[in-house]
Amino acid sequence: MRDLVVFLSVLAILWTQCLAEDSKLELVLMTIATEPTDGYVRFMRTAEQYGYNVRTVGMGTEWKGGDLANNPGGGHKINMLRPVVAEYKDRKDLLIMFTDSYDVVLAAGPERVIEKFLDFKANSVFSAEGFCWPDQSLATQYPKVALGKRFLCSGGFVGYAPVIADIISDHQISDMDDDQLYYTKIYLDEAKREKYQMKLDHRSHIFQNLNGASEEVELNFVENKTVAFNSLYDTSAVVYHGNGPSKLFLNFLGNYIAGGWNQDTGCGICDKVELKGDDELPELLLGIFVEQPTPFFEEFLDKIAALNYPTNKISLWIHCQIPYHDKKIVDWMNSVKEKYANVSYIDPPQGVSELDARTQAMRVCRKEKCGYYFSLNSISHLDNPDVIRRLMEFNRNVIVPLLARPFKLWSNYWGNIARNGFYARSRDYNEHIGYERKGVWNVPYVGEAVLYKGEWLANHVPVFYSDLFDPDMAWCQWMREQGHFMYMTNFEEYGHLTDPDEFSIDHLHNDLYEMFNNKLDWEKRYIHANYSQVLEDDYEIEQPCPDVYHYPSTSKRFCEELIEEVEHFGQWSGGKHQDARLSGGYENVPTVDIHMNQIGFEKHWLQFLKDYVAPVQLKVFPGYYTEAHAIMNFVVKYHLTGQTKLRPHHDSSTFTINMALSMPGVDHNGGGSSFLRYNCSVLNSPSGWSIIHPGRLTHYHEGLPLINGTRYIMVSFVDP
């Protein structure tokens, strides 16, 4: 037997020399694919980019090789390849390279394969991995390797056509048998290994299998391109194979390599299709899902109405499980329904679950043959009115715009999935959230605002049910298992997410209490439109009296809601000196008021002082750095049947904030602040405007008499 092996080795070497004599080697790339999945389309894009001659075998035929994702199998591959490979069995000048296609990305051209193959001085080279699959008991039979992956992987191999033809036809295999075991048995047979001059690509010179190797593979951004390389072996492969559970990592690499994205020119696979005129735009089913109490819901609806898409092309399909939002939805629907092609509403009393509602919406799209279906959750604020058009231009089956919680890293996509099926941070998550890398990204989880092609939905029925996951995660898991790609684009800024996690509906105006969790939306609604100008260097703040500064602070709506909130609470003090709310129980200069801690708004108001009052104080009183600490924060009510004025006094503060909440000439006449030492008064301050002035010693002042109506002011004694 040993003599036979030696003889075969010598014969194989001579054969290799004979096969390699022709310097004009050609290469044909063969793959198996029975349907044009997203992975296959990606594979073909990279093959065409690098100029491969591709022979796809099996397209349109029934797959008979079993469930390879969960079990051994794949013999059908070999049986489909045999007659095709046989066509080339006499071509000594031809290399045949086989790779899978659904989970493969090519990163260099055929000339690189030929060069690397010849370096092996072999007749056939198979890819290698770190796991002995499917029969671990064979591991000890493998030749030992000093450095590199030891075990054969059938997902990629290359060799001279006559040799590959012989290997493919070496022995019989059923469709349900395992193709990797077929090649493994040949390789472990020393005589056959020498006969076919089989070698393994232990260090990923040609083939990089990613299962168990993701920590070894890194990206290098150089010279207008992005290159993947194995940092352990210092090699850069041609074929990247997402075998086993490494498909998500392959998708990550596929976003960058093969022209996906580079630092100099950005996204290389973000070509857009040109949309037709408004009359020819596709019909859109817009599904709105209100599945939890949602802050700033009013603005969410307003932004839908403001979308730059023909409303006669949009059918609204609304599902709500939250009675708190029902009236707002009905009022909004009544105001816009005449504009839209159709409006349907599944309200809370109908008791339709979220899972059933999402399934029904897709069924409606299929029935009506909609061009697109846009599924929108109520926390998704579409600040860019062109968002639907922009998503359509990218021509993906399933795509979301990047939406994140402002000032936070929470978004509507995940760059990676942990083993338990939940979130894991990807290597590039921060760069995407920060718009440092813009593009269209293949990712494992998307949600909140998902655009589907209608023609894709017509042929697929997504699953939202799972014993383990919520509907959004169950759907994404189904997408991944079925090999459907989901895309996120951050090519532009499209909007943001509100944070509903701690949203309480226990108040009259619940959004008023959202300045911590939803600061961006809170500012847009409640801070005066001109407040930012106050802080500009060239803005001169009004000074109606010495060291009394007057400036726009909050919106009219803030004032109205705060008034309504305190009136809803209703427990006004009597304006007496005895006041049990105070630590000493005595108020020297009493007012009819309600303290902010009585309505649960004190921590919010103290934050308001830090964020929006302290910067103004530093501008008008430079050199003093406030701690924005205040014990007394209260709304004062002046009314003809109650308190109408306030006697002269000093405030127990370093400085005082006095904000007008009601509008003079509309809500009341009269009132104001008179600073006696300066014989100067501030009158008719508009709602939302504040005065800031020193509290002690210099600014002795009084509240001027009310003439009619009701006047409300918000007062804080800062740094007492």
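Analyst: Let's begin with a term: two strands count as paired if DSSP finds at least two bridges between them. Keep in mind, too, that this is a predicted model.

With that in hand, look at the open sheet, where six strands line up in the order β2-β1-β3-β6-β5-β7 with mixed pairing. At the edges stand β2 (54–57) and β7 (198–201). Each of these two has a single partner strand, so one of its sides has no neighbour in the sheet. On average, neighbouring strands here are turned by 25° against each other, ignoring direction.

Now zoom in on one end of that order. Strand β5 (residues 124–129) and β7 run parallel and are joined by four bridges. To find the spot on your screen, look for Ser124, which stands opposite Met198 in β7.

Helices come into the picture as well. Helix α2 (residues 38–49) packs on the sheet and touches β1 (26–32), β2 and β3 (94–99). The direction of α2 makes about 160° with that of β2. Another helix, α5 (residues 161–168), lies across β3, β5, β6 (151–160) and β7. Relative to β6, α5 runs at about 140°.

As a reminder of what holds such an arrangement together, strands of a sheet pair through backbone hydrogen bonds, and they can do this in a parallel or an antiparallel way.

Strand β28 (residues 542–545) runs antiparallel to β29, and two bridges join them. Here Cys545 has Val548 of β29 as its bridge partner. The two strands form a hairpin with two residues between them, and Asp547 takes a positive phi near 55°. Strand β29 also pairs in the antiparallel sense with β37 (residues 689–694), over four bridges.

Is β29 buried or exposed? Five of its five residues are buried. Both faces are covered: Val548, His550 and Pro552 lie on one side, while Tyr549 and Tyr551 lie on the other.

Technical notes. Residues numbered from 1 in each chain as written. Predicted model: local features only at pLDDT ≥ 70, side-chain atom pairs only at ≥ 80, totals over all residues. Heavy atoms only, no water. Axes fitted to C-alpha atoms, helices over the stretch in contact; angles between N-to-C directions. Contact = heavy atoms within 4.5 Å. Buried < 20%, exposed > 50% of the residue type's maximum accessible area, 1.4 Å probe, protein only.
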